[in-house]
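The structure is shown first, and the discussion follows.

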Amino acid sequence: MAINKLIDIELFGVEIGKLGYDMDQLLCSFQYNPKFLESGQYQRIFPYIFKRIPLVQVFAQFEGTTFRGLPPMIADSLPDMFGNIIFKEWFKANNKEFDKITPLEQLAYVANRGMGALEYKPVLKVPDNATINLDQIVEVLKQVLDVKKNTLEKNLDTTALLNIFKIGSSAGGARPKILISEHKETHEIIPGDMIYSNEYNHFLIKLNIDEDEGYNKEIVEYVYYLLANEAGIHIMESKLIEGRHFATLRYDRQNGEKQHVLTACGLTGWDFMKPENASYENVFKLATDLKVPHKDLQELYRRMIFNVVLANDDDHLKNHSFIYDKENDAWNLAPAYDITYPHNLKYKIYRKGRALSINKKRTDIQLNDVLAIAELYAIKNPKKIIKEVQSVLPLWKQWAKQEKIPEFAIEAINKEFSILLE
């Protein structure tokens with residue numbers, strides 16, 4: 001097929017293969033680098049969808065807003081929104097609409113700055129009849145990086161965060177987020193998609209831009225972090241900046257190295273926006289198929305119970321990830337993230353129920369529903385886990401008051417909590 005330019009995909013400094021996209025037929029192609037296949041390295045980096053063969057593989061089934069035409073494990077590298085002023089200005093100047101940007105243009109812009117460890121480089125030799133202009137995207141990226149390299153803040157405060165936010169972010173999600181790196185000794189702040197040195201602590205920060213809902217959602221997430229930690233959930237260390245911005249250490253940047261991370265959505269091709277495959281049973285099955293240690297299944301169960309008890313029903317397939325162990329060519333459950341009360345208290349909207357069903361139910365989850373999953377996946381002492389999670393419920397009001405969350409928000413969220421086991 002006629003391919004409109006190619007993108008090299010690299011992982012841990014090794015070229016994995018090449019990706020192409022045909023704009024006329026809306027077909028994406030991938031071919032492994034033969035040398036990579038011959039090396040026998042990293043056998044399980046893409047456990048599904050890509051066949052480990054030297055032939056070109058073509059995909060047409062991943063169109064839509066979730067995958068944007070890309071194979072799911074590659075689409076995982078894209079932010080949900082581009083928050084970059086320079087990039088948006090380039091769209092306007094070239095009369096481009098965001099929904100018309102090609103998948104390869106998006107990847108060329110992400111380059112080596114995306115979440116996880118996959119990196120993307122335009123192939124130097126390109127067809128003369130190419131209909132997209134990756135070179136322009138690379139030029140835009142150079143402009144962005146020039147600005148970023150000259151962005152240095154002395155303090156971790158609101159002014160510094162907003163200055164970095166203005167030059168954009170590679171983080172995804174519905175709320176404004178930025179990636180920053182804080183030097184462990186000097187505490188200087190730089191944009192967090194530039195380096196991954198062990199000299200820095202690497203944070204994902206959710207910014208509190210305004211509080212038109214009457215309370216601060218970032219503080220709510222911080223209290224949920226404290227509760228999850230108290231409940232024994234594996235979650236990265238987090239903190240509040242100036243008492244208003246939620247900062248969490250990135251699990252895809254550890255020990256001075258990038259970590260290869262894929263969501264349940266990216267691993268499988270299950271579209272998180274569609275209900276067909278959106279169940280906890282499927283997440284457990286995926287974890288089992290990946291051969292994660294049984295302790296990870298125990299952990300996943302604890303997270304499910306926490307989300308049910310503390311009313312986090314936005315626990316969709318992109319909010320469950322797995323992290324690759326390159327030394328052992330194995331997968332493990334990634335630390336928990338995006339654990340919070342997800343709704344806007346200002347607006348009473350009709351809720352469709354949980355993002356992930358439990359025992360074929362999305363509402364009115366009862367003890368027998370969660371015990372059914374425990375039996376199916378040999379979870380040890382499920383009632384003990386439930387009691388341990390429920391034991392943190394009284395701490396919600398106490399810690400929320402300490403963080404000065406308004407009383408109306410404390411009470412409204414508290415009413416959403418569930419008791420599974422009396």
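A residue counts as buried when its relative accessible area is under 20%. In this predicted model, Glu-10 has a relative accessibility of 15% and is therefore buried. Its salt-bridge partner is Lys-121, which is partly exposed at 41% relative accessibility. The bridge joins distant parts of the chain, with Lys-121 in strand E5 (residues 119-122) and Glu-10 in strand E1 (residues 6-11), 111 residues apart.

The structure holds 19 salt bridges in total; the table includes three of them.

| Salt bridge | Closest N and O atoms |
|---|---|
| Lys-121 with Glu-10 | 3.5 Å |
| Glu-119 with Lys-258 | 2.7 Å |
| Asp-296 with Lys-295 | 3.3 Å |

Glu-119 lies in strand E5 and Lys-258 in strand E12 (residues 257-258), so their bridge ties together parts 139 residues apart in sequence. Glu-119 is buried at 16% relative accessibility, and Lys-258 is buried at 10%. In the bridge of Asp-296 with Lys-295, Asp-296 is buried at 7% relative accessibility, whereas Lys-295 is exposed at 60%. Salt bridges with shared partners also join Asp-8, Glu-15 and Lys-18 into one network.

The helix pairing comprises H10 (residues 294-309) and H11 (residues 367-376), whose axes come within 11 Å and cross at roughly 170°. Because angles over 145 degrees count as roughly antiparallel, H10 is roughly antiparallel to H11. From H10, Tyr-301, Met-304 and Ile-305 meet Val-370, Leu-371, Ile-373 and Ala-374 of H11. This contact has 7 nonpolar residues, with no polar and no charged ones.

Methods
Residues are numbered from 1 along each chain as its sequence is written. This is a predicted model: local features need pLDDT of at least 70, side-chain atom pairs count only at pLDDT 80 or more; totals for chains, interfaces and linings use all residues. Side-chain values use heavy atoms; hydrogens and water are left out. Axes are lines fitted to C-alpha atoms, for helices over the stretch in contact, and angles run from 0 to 180 degrees between N-to-C directions. Helices (H or I, at least four residues) and strands (E, at least two) are DSSP runs, numbered from the N terminus. Angles under 35 degrees count as roughly parallel, over 145 as roughly antiparallel, 65 to 115 as roughly perpendicular and the rest as oblique. Contact means heavy atoms within 4.5 Å. Ala, Val, Leu, Ile, Met, Phe, Trp, Tyr, Cys and Pro count as nonpolar, Asp, Glu, Lys and Arg as charged, and the others, Gly among them, as polar. A salt bridge is a side-chain nitrogen of Lys or Arg within 4 Å of a carboxyl oxygen of Asp or Glu. Buried means under 20% relative accessible area, exposed over 50%, partly exposed in between (1.4 Å probe, protein chains only).
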